[in-house]
Amino acid sequence: MKKSKIVGLVLITAVLASCNKHEKKNWDNNDVYMRSDDSAPYNQVQQFGGVNAFMWYYAFRPYGMYYGGSYHHSGYYSSGLSESSNIGHSSTKSSAMRGGFGGSSRSFSVSS
Amino acid sequence: MEVVVHSQYHHKMERIKIVPRNNWQKSVENLGFGFHTTNVPYWKEDAYYSFTMDEVLKLEKATEELWEMCLEAVQYVIDNRLYKKFSIPSKIISVIEKSWNEDAPSIYGRFDFGYDGTNIKMFEFNADTPTSLFEGGIIQWFWLQDFSKDKDQFNSIHEKMIAYWATLKNYLYPGKLYFTCIKHSLEDLTNVEYMRDCAMQAGLETELIYIDDIGHDGINFVDTNDKVIKNIFKLYPWEFMVNEKFIDQVIDTTQMHWIEPAWKMILSNKAILPILWELFPKCPYILECYFEEENTLKDYVRKPILSREGANIQIIKNSKLIEETKGEYGSEGFICQEIFDIPKFDDKTPIIGSWVIGQQSAGMGIREDSNLITGNLSNFVPHLISEEVTKFKFLEKKS
């Protein structure tokens, strides 16, 4: 037999089905401004290729550091926000160099 | 005693028009397939392709044999240091060779085949960032459950993926397995999240991070919480990575697994096609092929050694340009591959994407296009195996 007997998904259905909600047509009248924490200025959230930013997986990811044997939470980070609204003046958020990959993508997909 | 008999109906590959399921869009969206239609339809179920079991067995055999030959070809390229022909920068060679010599974890690849009812020919091997895995493994399988549940499909992508992640678990560094892709592409995110879904089912601890969120703390690659990344699956091509800022950190960070590993740069490069022809000229699956500067063919397909989704390809017959696609590729050089005519089905040219997962043939997905060159606007069309396998049970007489 060539086909799968049982196919089950644990993650993707719920996550990606939510990415596919239809956009509100009057989005322009529903501008939303966010910031990652109170060290950063508010900024209007972006949309991703027709996907509502609020539906996007990991809309806000916790951000912190491990030191002294424990985790120290220092805020949240979102790919829907501009760099200024993510980082603000929090020194811990800029301790690692980022953005060293991702600049070559010439289209909306790298598929082959 | 049980005797398995394949039916005697041996229709070869066919394209059969059907009526799509009512509200199929909702059905596939419920599975998490959000990119079934962009400006034009991508997933189409107003037809399917039908194969005989014999044809499927031939495709399976071709896939496994070609995979073996590809591994031999990688060894040949490394032994003979042919990196210049692949336009591979010298600074990344140590990373390639280390990943090859240490047998770094690798999980998948997709051959693109042409099939004329008799011959199977390899057009290329998408060895680094192949996509359509979710459509192939999940969407067409659930389509078959609705359309004809008693039929079979050349598709064990899902369980082979889970099984191989479980095998690779023992070869990874301690800690999470990260998954990364670019932002802004639902197609790429879907493929990566599907891979992650399979890894989770194999018992791995996983996390998603977008490629441009990856950081480096001077010693290690880190996630957005500055936690060290030791294992990462990337849907992002090595050919992009080698030209980006963090490639120096990749070279310096030796205790880390990148999946697919760096040696896949050799196989995903179309320069491997003339190498395969040089090594295995009698192989029935390999088309005659040369680097452009050595080409003797009069009728050929001219392809950039690095290109994606059918960009910058020309079809030349009797030194005349028959068809071409635009794009931004070609500066690294071209190869010239013998033309292989695929019969049209309802004016469509189908390409068979045949998956290798964990060293084994694992199933296929079919993309079809109205043009001769399959591009990023081609359609994914499901398939099934036409023969029903009938089981007859005979009771043995007691003497």
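**Entry 1: two helices in chain B**

I began with a helix pair and noted that helix 4 of chain B passes helix 6 of chain B in a left-handed crossing. The model is predicted, and I keep that in mind for every entry. Two packed helices are described by the angle between their axes and the distance between the axes. I looked up both values. Helix 4 covers residues 133–147 of chain B, and helix 6 covers residues 186–201. The angle is about 65°, and the axes are 9 Å apart.

Next I asked which residues make the contact. On helix 4 of chain B they are B:Leu133, B:Phe134 and B:Ile138. Helix 6 of chain B brings B:Thr190, B:Asn191 and B:Tyr194. I sorted this contact by class and got four nonpolar residues, two polar ones and no charged ones.

**Entry 2: the domains of chain B**

I turned to the domain assignment of chain B. Domain 1 is written in two pieces, 2–287 and 340–391, and domain 2 is 288–339. I looked up the distance between their C-alpha centres and found 23 Å. How many residues does each domain put into the contact? Domain 1 of chain B gives 19 residues, and domain 2 of chain B gives 19 residues.

I then looked at the domain 1 side. Its largest share comes from helix 10 of chain B, residues 272–279, with three residues. By class, the side of domain 1 of chain B that touches domain 2 has nine nonpolar, six polar and four charged residues.

**Entry 3: the largest nonpolar core**

I went on to the largest nonpolar core, which has 112 residues. Which members touch the most other members? My list reads B:Val74, B:Ile139, B:Cys181, B:Tyr236, B:Ile266, B:Ile272 and B:Ile357. Helix 2 of chain B, residues 53–79, gives the most to this core, with eight residues. I also asked why this core lies between the domains of chain B. Domain 1 and domain 2 of chain B both give residues to the core, so it lies between them.

I picked one of the listed members, B:Ile357, and looked up its contacts. I left aside neighbours within four places in sequence. B:Ile357 is then in contact with B:Ile107, B:Tyr108, B:Ile157, B:Lys160, B:Met161, B:Tyr164 and B:Ala362.

**Entry 4: backbone exceptions in chain B**

Most residues other than glycine have a negative phi, and most peptide bonds are trans. I searched chain B for exceptions.

- A cis peptide bond joins B:Ile259 and B:Glu260, with omega at about 0°. I found B:Glu260 in the loop between strand 11 (257–259) and helix 9 (264–267) of chain B.
- B:Asn23 is not a glycine, yet its phi is positive, about 55°. B:Asn23 sits in the loop between strand 2 (14–17) and helix 1 (24–30) of chain B.
- B:Asp103 is not a glycine either, and its phi is also positive, about 55°. I placed B:Asp103 in the loop between helix 3 (93–101) and strand 4 (108–115) of chain B.

Are B:Asn23 and B:Asp103 buried or exposed? B:Asn23 counts as exposed because it has 9 C-beta neighbours inside 10 Å. B:Asp103 has 10 C-beta neighbours inside 10 Å, so it counts as exposed too.

**Entry 5: chain A**

Chain A has two helices and five strands. I read the elements from the N terminus on as α-β-β-β-β-α-β. Chain A has 112 residues, and 33% of them count as buried. I also checked contacts in chain A between residues at least 6 apart in sequence. Of these, 51% join residues at least 24 apart.

Definitions and conventions:
Residues numbered from 1 in each chain as written. Chains lettered and ligands numbered in written order. Predicted model: local features only at pLDDT ≥ 70, side-chain atom pairs only at ≥ 80, totals over all residues. Domains from an automatic or database assignment. Contact = placed C-beta atoms within 7 Å. Helix = DSSP H or I, 4+ residues; strand = E, 2+ residues; numbered from the N terminus. Nonpolar A, V, L, I, M, F, W, Y, C, P; charged D, E, K, R; others polar. Core = buried A, V, L, I, M, F, W, Y, C linked by C-beta atoms within 7 Å. Buried ≥ 20, exposed ≤ 12 C-beta atoms within 10 Å, placed from the backbone. Axes fitted to C-alpha atoms, helices over the stretch in contact; angles between N-to-C directions. Left-handed = near helix turned anticlockwise from the far one by under 90°.
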